[in-house]
Amino acid sequence: MTPFKKTLAATLVGSAIFLAGCSNDDATSESAATDAAASGAVHPITGEALAADQTFTYWALDEHSSFDPQIVEDVSGSEHVRNLFEGLLNQDADGNLVPGVAERYEASEDKKTYTFYLREDAKWSNGDPVTAGDFVYAWQRAVNPETASPYAWYMEIMSIVNGAEIINGEAPIESLGVEAIDEHTLKVELTDSLPYFPMMVVHTTTFPAHKATIEKFGSEWTKPGNMISNGAYTLSDHVVNERAELVRNPMYWDNENTIIEKIVAIVVPDENQGLIRWKAGEFDLMSSVPTGQFTALQEEFPGEAIAYPRLCNYYYTFNLSESGPEAFKDVRVRKALAYALDRKVITEQILQGGQPQAYTFTPGATANFEVPSVEFASMTQAERDEAAKALLAEAGYSAENPLQFDMLYNTSEGHKQIATAMSQMWKAKLGVEATMNNMEWKTFLTERGNQNFEMARGAWCGDYNEASTFLDLLRTTSGYNDGKYSNAEVDRLMDEAKTMADPSANYTAIEQILAEEMPVIPVYHYAGNIMLHSNVKGWPVNNVEQNWYARNLYKVAE
């Protein structure tokens with residue numbers, strides 16, 4: 001646990017919290033220096049010479065899922081939405097909460113009522129004011145079953161009054177516990193005490209939406225020319241599976257302190273091709289690197305090949321629903337497959353990017369989470385292999401009756417290498433015949449979400465920095481519980497954890513249950529490996545959630 005995490009946690013449990021903007025001195029300094037920045041001369045704070053071209057271009061592996069805040073469901077799409085829209089609160093480069101549309105907020109003593117005070121200079125890109133009603137509309141839209149938001153479940157775990165009932169079609173959307181007291185005051189009523197609630201409004205699903213635009217254009221509202229957004233950028237161009245371009249929004253309340261003029265995301269569904277183009281100077285950023293190349297890249301590009309801990313896990317999930325194979329309903333089979341994986345080979349010989357081996361679902365980088373000791377983590381690999389052989393034999397599988405199944409992953413050379421290594425380990429140690437099957441991202445999400453798989457790759461990056469953002473995925477009702485694991489004790493412990501000042505014991509107990517029942521196979525926890533050209537400054541390396549905002553970046557002259 002880092003000092004930062006302790007400080008943040010201590011702050012969030014305070015009875016009332018006020019977020020301050022820049023001091024007068026800072027504001028004066030920024031304003032004066034911004035004039036220089038506008039001329040292309042120097043950065044307003046650091047005095048660095050700025051590049052004449054402030055276009056930030058980055059590589060994207062896949063086409064994103066959506067530009068719609070209430071529909072988007074992937075990391076790539078969330079990056080676009082964070083640049084196009086702004087929620088109540090943002091994060092700074094270290095992951096601390098800072099003002100967004102809300103300049104400050106208050107929490108009731110029992111942490112069940114939150115009041116957000118919105119800035120009066122926030123505007124939509126068409127000049128309309130951003131009001132508390134825009135958030136009410138967006139949050140009601142997120143829980144409305146007709147919207148079919150993939151993240152409706154997220155609104156449910158926010159514990160907003162009547163959220164779950166509306167999602168289940170048991171209450172009118174107008175009964176959601178969110179209210180516009182006036183144009184600039186938003187009140188939220190929760191069913192449970194939630195000290196970390198402010199962290200949750202950084203998530204894109206909670207961002208405002210422009211009602212008139214959505215009513216006018218329907219599902220076409222996110223197209224360039226139609227979209228009205230309230231973030232630092234507006235959508236200027238989008239070619240599916242090729243590129244998306246965003247440009248400065250002159251109506252953004254802090255536009256004068258924004259330096260990057262244009263954002264360009266280019267889809268290249270091959271990491272090796274992406275790296276070649278980064279080396280050629282076509283991209284400023286590659287947010288991941290080809291598997292196994294990071295060490296060499298650090299030597300070749302010192303200072304530009306950057307590693308840092310991330311709030312993400314990498315796992316494989318068993319389909320435990322009725323459509324899943326009968327073999328996976330036997331915990332001995334699930335544990336045998338989890339035990340036989342040599343994670344050291346995957347992290348040190350394949351990935352080579354500083355990723356920690358994973359024996360729990362929740363990463364160690366999570367704030368206030370101490371990784372618990374689970375039995376199979378303390379065994380040697382030889383001991384795990386022997387236990388795996390015994391478990392599979394007890395389950396009735398042998399050379400004469402080999403375990404057979406399909407393993408699904410989304411298209412990526414890295415995922416392919418890991419899946420290949422896993423299948424070979426199982427074959428060599430257990431005689432298991434695993435058939436690899438890859439799909440492009442959107443098809444993969446659909447098939448996994450509909451339980452059209454036997455075993456599937458999974459990965460999760462925390463929506464906020466607390467262990468529940470991971471463990472909620474394995475609750476019975478989670479919208480992303482694609483394996484349909486269900487354990488009443490896990491559900492009870494998670495329910496109880498919501499109202500606890502220190503839920504650590506509950507999280508440890510859940511991880512122990514997961515290690516015993518193995519509904520998923522934890523493989524590794526992410527370390528961020530990126531390639532960032534040295535002329536790009538302001539990247540939030542210390543933010544383990546990697547919530548980056550292009551308005552905080554800038555390019556210096558070379």
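Is Tyr480 buried or exposed? At 11% relative accessibility, Tyr480 counts as buried (under 20% relative accessible area; exposed is over 50% and partly exposed in between, with a 1.4 Å probe and protein chains only).

This is a predicted model, where local features need pLDDT of at least 70, side-chain atom pairs count only at pLDDT 80 or more, and totals for chains, interfaces and linings use all residues. Residues are numbered from 1 along each chain as its sequence is written, and side-chain values use heavy atoms, with hydrogens and water left out.

**View 1. Phe56 meets Trp548 edge-to-face.** Searching the whole structure turns up 30 aromatic pairs (rings of Phe, Tyr and Trp, the last by its six-membered ring, with centres within 6.5 Å; planes under 30 degrees apart are stacked, over 60 edge-to-face, the rest tilted). Here the ring centres are 5.7 Å apart and the planes sit at 70°, so we call this one edge-to-face. Phe56 is in strand E1 and Trp548 in the loop between strands E17 and E18, so the pair ties together parts 492 residues apart in sequence (strands are DSSP runs of E, at least two residues; helices are H or I, at least four; both are numbered from the N terminus). Phe56 is buried at 0%, and Trp548 is buried at 2%.

**View 2. Tyr151 and Tyr480 make a tilted pair.** Their centres lie 5.5 Å apart, with planes at 55°. Tyr151 is buried too, at 6%. Both belong to one aromatic cluster, whose members include Trp153 and Trp460.

**View 3. Arg119 sits over Trp253.** Its charged end is 3.4 Å from the ring centre (the cut-offs: NZ of Lys or CZ of Arg within 6 Å of the centre and within 35 degrees of the ring normal).
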